[in-house]
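Subject: Structure for you to look at

Dear colleague,

I am handing over the structure below, together with an account of what was found in it. Please keep it open beside this message while you read.

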Amino acid sequence: MAFLCRSAASLLKSPRAAPAVLSACRLYSSGGQYEYILVEKRGEKSDVGFIQLNRPKALNALCDGLMKELKQALDVFEADGEVGAIVITGSDRAFAAGADIKEMQNKTFQDCYRGDFLAHWNRVSQSKKPVIAAVNGFALGGGCELAMMCDIIYAGEKAQFGQPEILLGTIPGLVSKVYPVDQLVSEAVKCGEKIAANSKLVSAMAKEAVNAAFEMTLAEGNHFEKRLFHATFATGDQKEGMTAFVEKRKASFQDS
Ligand SMILES: CCC/C=C/C(=O)SCCNC(=O)CCNC(=O)[C@H](O)C(C)(C)COP(=O)([O-])OP(=O)([O-])OC[C@H]1O[C@@H](n2cnc3c(N)ncnc32)[C@H](O)[C@@H]1OP(=O)([O-])[O-]
């Protein structure tokens, strides 16, 4: 699994493949029109529910509308007796580049807490039917978490998983990396440098979330992480991190 930052991503960039187009895609639902996803039944027996995230210009950033539609499509497939499994995919370039930063940029802690921000994000992990993530391209932040909520992950050779939220002044849930023996120590130091360049306040919150999860049930751990995620919206560093992303510049964190 690769931990991606924007600069690393630019090195890894592959020729931009056109978003996969669903031939003969038909809207499959209770008649509702989906704006952010394409939905159909696939397989010889039409017994596989197929959901393609479809915000190509935003690299399938998971805006609130998209997540609501995803929940709606899962509800429809759960109720469909023909459907035995569900596949969620994105485009060749991006499974999903995370929660929508532009939508989150100006949210306050109060907005997050009162509106129970991300409340419906657990829908995938609550699915009674097996869900398979088919991941090509970027699966970052909430996009990586969406894949992890599925029961099985199939990854294309160029799939890139990462939890880069710390670069935005908010908290991630997972980081892992594998190196050859002789590169391990120097890479660990480089990693330390990258961490140290981020908000120390938010890094501490991330660590608190990870450590607390070891002592909790999965549901409690998810809840605790969500509350800490909300709390980062009370910091100046979250504002700086997300504003810097939108303004296409490097963030300057003040640990506040
Ligand atoms: C449990 C929940 C908690 C989750 C928290 C999160 O997920 S936090 C998030 C964690 N995720 C991250 O921190 C990843 C943030 N994304 C990146 O770092 C880079 O986009 C990249 C490395 C994925 C691709 O770089 P690249 O140079 O190849 O492409 P590019 O950068 O030019 O992007 C093309 C267009 O897509 C847009 N857009 C992209 N992502 C998002 C987004 N999440 N949101 C909104 N928009 C996004 C981007 O603004 C641009 O639109 P514009 O300006 O043209 O209108």
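Three bridges join strand E6 to strand E8, and the two strands run parallel. In one of these pairings, Phe-138 has Gln-160 in E8 as its bridge partner. Please bear in mind throughout that this is a predicted model.

These strands belong to an open sheet of 3 strands, which follow the order E4-E6-E8 with parallel pairing. Strand E4 (94-96) and strand E8 (160-162) stand at the edges with a single partner strand each, so one side of each has no neighbour in the sheet. From one strand to the next, the twist averages 15°. Helix H5 lies across E4, E6 and E8, and its direction is at about 90° to that of E6.

The ligand comes next. It is surrounded by 29 residues, and the closest are Arg-93, Ala-99, Ile-101, Gly-142 and Lys-248. By class, this shell holds 16 nonpolar, 3 polar and 10 charged residues. Helix H1 (6-12), helix H3 (101-104), strand E6 (138-140) and helix H5 (142-149) each supply at least two residues of the shell, and H3 gives the most, with 3 residues.

A polar backbone atom of Ala-97, by contrast, is 3.0 Å from a nitrogen atom of the ligand. Taken alone the ligand exposes 1,000 Å², of which the protein buries 83%.

Best wishes

Conventions. Residues are numbered from 1 along each chain as its sequence is written. This is a predicted model: local features need pLDDT of at least 70, side-chain atom pairs count only at pLDDT 80 or more; totals for chains, interfaces and linings use all residues. Side-chain values use heavy atoms; hydrogens and water are left out. A residue is near a molecule or strand if one of its heavy atoms lies within 4 Å of it. A polar contact is a pair of N or O atoms within 3.5 Å; within protein, one must be able to donate a hydrogen and the other to accept it, and residues adjacent in sequence count only if both atoms are side-chain atoms. Accessible areas come from the Shrake-Rupley method with a 1.4 Å probe; for residues, only the protein chains shown count as cover. Helices (H or I, at least four residues) and strands (E, at least two) are DSSP runs, numbered from the N terminus. Ala, Val, Leu, Ile, Met, Phe, Trp, Tyr, Cys and Pro count as nonpolar, Asp, Glu, Lys and Arg as charged, and the others, Gly among them, as polar. Two strands pair if DSSP finds at least two bridges between them. Axes are lines fitted to C-alpha atoms, for helices over the stretch in contact, and angles run from 0 to 180 degrees between N-to-C directions. Contact means heavy atoms within 4.5 Å.
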